[in-house]
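Please examine the structure shown here together with its sequence. A short briefing accompanies it.

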Amino acid sequence: MTESNLQIPAPAFDGDIFADDVLADPYDAYATLRDLGPVVWLAAHDTFAVTRYREARTVLGSPELFCSGQGVALNDPCNQQTAGRSLIATDGEWHGHLRKILAHNITPRAIRHLEDQIKTQADALITGLVARRSFDAVEDLARALPLSIVPDLVGWPADGRDHLLQWASAIFNFLGPLNDRALASVPDVVAMQAFAAEMAAGGRLMPGSVGAGVVDAAAHGQLPPDQVAALIVGYLAPSLDTTISAMGSAMWLAATHQEQWELLRARPELIPNAFNEVVRLESPIRIFSRVTTGPTDLGGVPLAEGTRVAVLYGCANRDPRQFPDPDAFAIDRGNAGEHLGFGHGVHSCAGQGLARMETHALLEAMTKTVARIELAGPAVRAANNLINGWDRLPVTVLPGR
Amino acid sequence: MRIIIDQERCEGHGQCVAAAPEVFAFDDDGLTVVLQDPVDATAEDAARAAVRRCPVAALQIEEQG
């Protein structure tokens, strides 16, 4: 420990929460972090982690004091590149302005017309999978629906779709600490940005799409042309990976908690709450950071102006101070909806309406036709710096009405 | 107790409607509206839970004397 570290006013944690084995099962490490304190110095990453619910909610709910405009990633190159450009890395009125440009196309109100189509697609997908009995719940289910909806919604051309998941995964690795995963992501991050810039400039996004709406906004002087690509990538990548993560986790939890699946089948009106519980227990986004705009105190830890603090969503969402028996999966949990898995406040996930619509449709289709979901082989978690997701989930389903 | 909706912030995620359907609803245009003003004493707990659940922090509680 260096001399400057000795002056850090918070308990320190020496482990690497981005090591492969911790990414695969971070919850023991999270419990250790919460026990150390609400704000813990991550010595391996030179940053403070916010570990408990109350303090995490305070940070996310106080954007004037914990700002996003200096980037929300865990490494300087990513923060320098995204600060002030990507929606998640802006503050105040400018953020509100950008969010409106994007959000008026993707709020639950704006996408209500998609609901019937999404339900039809979900029903067809599940009918096909139930007929197969055995499938990979990641490749064949969790990825299939978002990939059939999001690229069309954004207006992404067909020739740019083959690499989308690889690119999105790279974007999320690049947001983490500057480890091997982040470094290895750079070529794909550059490739996706180059492709997006070409789309933004060349008018190749499909007319009437969310992406074309952003291009139009730039044409009308509502945002600088060089921000178009960042705004579109900032919607496209999360709309895929986070939803895929949550749907994969929903299937894994259903397969490993049969009594909860039976409860959901008996009470399908619990589907929205069950989805909140999935996002609480297996929060898709691991971590985003903020920077203090002035001296403050967080959970008894004095923080100087300009201090970067990182919110550990999955850690706060299992805080026993907020959620009794926090490691239990309970789809009828009374306060599941208070989770921070979509963030909270002005930067709360802009695409959560679509994520809910897709996952509710899939779960509704499944509760009607699947009596039981069983693991049919080893479930493999994906090792990504920012996304808590799955590579493989082989399952067998037992049909039943 | 009264509930104030910041319509500039509200994006219609509907978490309040799910948490306290007796207090919140969507109108025909999909805008979130408060059905009880002031909130009935029996619905106050549900209304508070709904305010906590708003993803975009668009709801505020105004306590009355």
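This is a predicted model: local features need pLDDT of at least 70, side-chain atom pairs count only at pLDDT 80 or more; totals for chains, interfaces and linings use all residues.

In chain A, the secondary structure amounts to 17 helices and 13 strands. The radius of gyration of chain A is 21 Å, close to the 21 Å that the globule rule gives for 401 residues, so chain A is as compact as a globular protein of that length.

**Overall form of chain A**
- The C-alpha trace of chain A spans about 65 × 50 × 35 Å along its principal axes.
- Buried residues make up 53% of the 401 residues of chain A.
- Of the contacts in chain A between residues at least 6 apart in sequence, 72% join residues at least 24 apart.

**A six-stranded sheet**
- Six strands of chain A form an open sheet with mixed pairing, in the order β1-β2-β3-β9-β6-β4.
- At the edges of this sheet are β1 (12-13) and β4 (66-67) of chain A, each of which pairs on one side only.
- Strands β2 (residues 39-42) and β3 (residues 47-50) of chain A run antiparallel and are joined by four bridges.
- Val39(A) has Val50(A), in β3(A), as its bridge partner.
- Helix α4 (residues 53-61) of chain A lies across β2, β3, β4, β6 (287-292) and β9 (308-312) of chain A. The helix runs at about 120 degrees to β9(A).

**Contact between the chains**
- Chain A contributes 16 residues to the contact, and chain B contributes 13 residues.
- On the side of chain A that touches chain B, there are five nonpolar, eight polar and three charged residues.

Conventions:
Residues are numbered from 1 along each chain as its sequence is written. Chains are lettered from A and ligands numbered from 1 in the order in which they are written. Two residues are in contact if their C-beta atoms, placed from the backbone, lie within 7 Å. Ala, Val, Leu, Ile, Met, Phe, Trp, Tyr, Cys and Pro count as nonpolar, Asp, Glu, Lys and Arg as charged, and the others, Gly among them, as polar. Helices (H or I, at least four residues) and strands (E, at least two) are DSSP runs, numbered from the N terminus. The radius of gyration is taken over C-alpha atoms; the globule rule is 2.2 Å times the number of residues to the power 0.38. A residue is buried if 20 or more other C-beta atoms lie within 10 Å of its own, exposed if 12 or fewer, and partly exposed in between; C-beta atoms are placed from the backbone. Two strands pair if DSSP finds at least two bridges between them. Axes are lines fitted to C-alpha atoms, for helices over the stretch in contact, and angles run from 0 to 180 degrees between N-to-C directions.
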